[in-house]
Amino acid sequence: MTGGAGYIGAHLVAALTRDGGRVVVLDDLSTGDAARVDGIAPLVRGSVHDIDLLVRTLRAHQVTAVIHTAARKDVPASLADPAGFYRTNVGGLQALLTAMSGGSGVAPAVLLLSRRLRRRNRPPTSRGRAADTGQPLWLEQTAR
């Protein structure tokens, strides 16, 4: 999982490992915290832009699927530095997909957009307006 030491990523790592999944985290710790995954999953410290590191990590840990949460998400900062956010978010995803398709043996990918993590405006109320469940989307899906 890229960005797995971030707030959202660490919760996903915890849920996946609790359900018996084997997870390896790749994070540059620019906004993440190693303590969030300490004792839960191996942490590879590095950049999602480093294709060689990505390929080595995918192979060494025999990764079969990737959840990508390494991205910058601060809207005001993105307005101040749109090119930097583009390089980080689009370039990072491009590097990851390149590593995955470069003989690492990984095909499936999940692109996780944090804005979509909370299911808002569901289910509809009797007045036709939607209610906010406030429940994280992955919890709603898991709870069913």
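User: Is H68 buried or exposed, and what is the relative accessible area of H68?

Analyst: This is a predicted model, where local features need pLDDT of at least 70, side-chain atom pairs count only at pLDDT 80 or more, and totals for chains, interfaces and linings use all residues. Residues are numbered from 1 along each chain as its sequence is written, and side-chain values use heavy atoms, with hydrogens and water left out. Buried means under 20% relative accessible area, exposed over 50%, partly exposed in between (1.4 Å probe, protein chains only). H68 is buried, because its relative accessible area is 5%.

User: Which side chain makes a polar contact with the side chain of H68?

Analyst: A polar contact is a pair of N or O atoms within 3.5 Å; within protein, one must be able to donate a hydrogen and the other to accept it, and residues adjacent in sequence count only if both atoms are side-chain atoms. The H68 side chain also reaches the backbone oxygen of A70, at 3.4 Å. The side-chain partner, at 2.6 Å, is T2.

User: Which backbone oxygen does the side chain of T69 reach?

Analyst: T69 lies in the loop between β3 (66-68) and α3 (75-80). Helices (H or I, at least four residues) and strands (E, at least two) are DSSP runs, numbered from the N terminus. T69 is buried, with a relative accessible area of 9%. At 2.5 Å, its side chain reaches the backbone oxygen of T2.

User: In what order do the elements of the chain run from the N terminus on?

Analyst: The chain has five helices and four strands. H68 sits in one of them, strand β3. From the N terminus on, the order is α-β-β-α-β-α-α-β-α.
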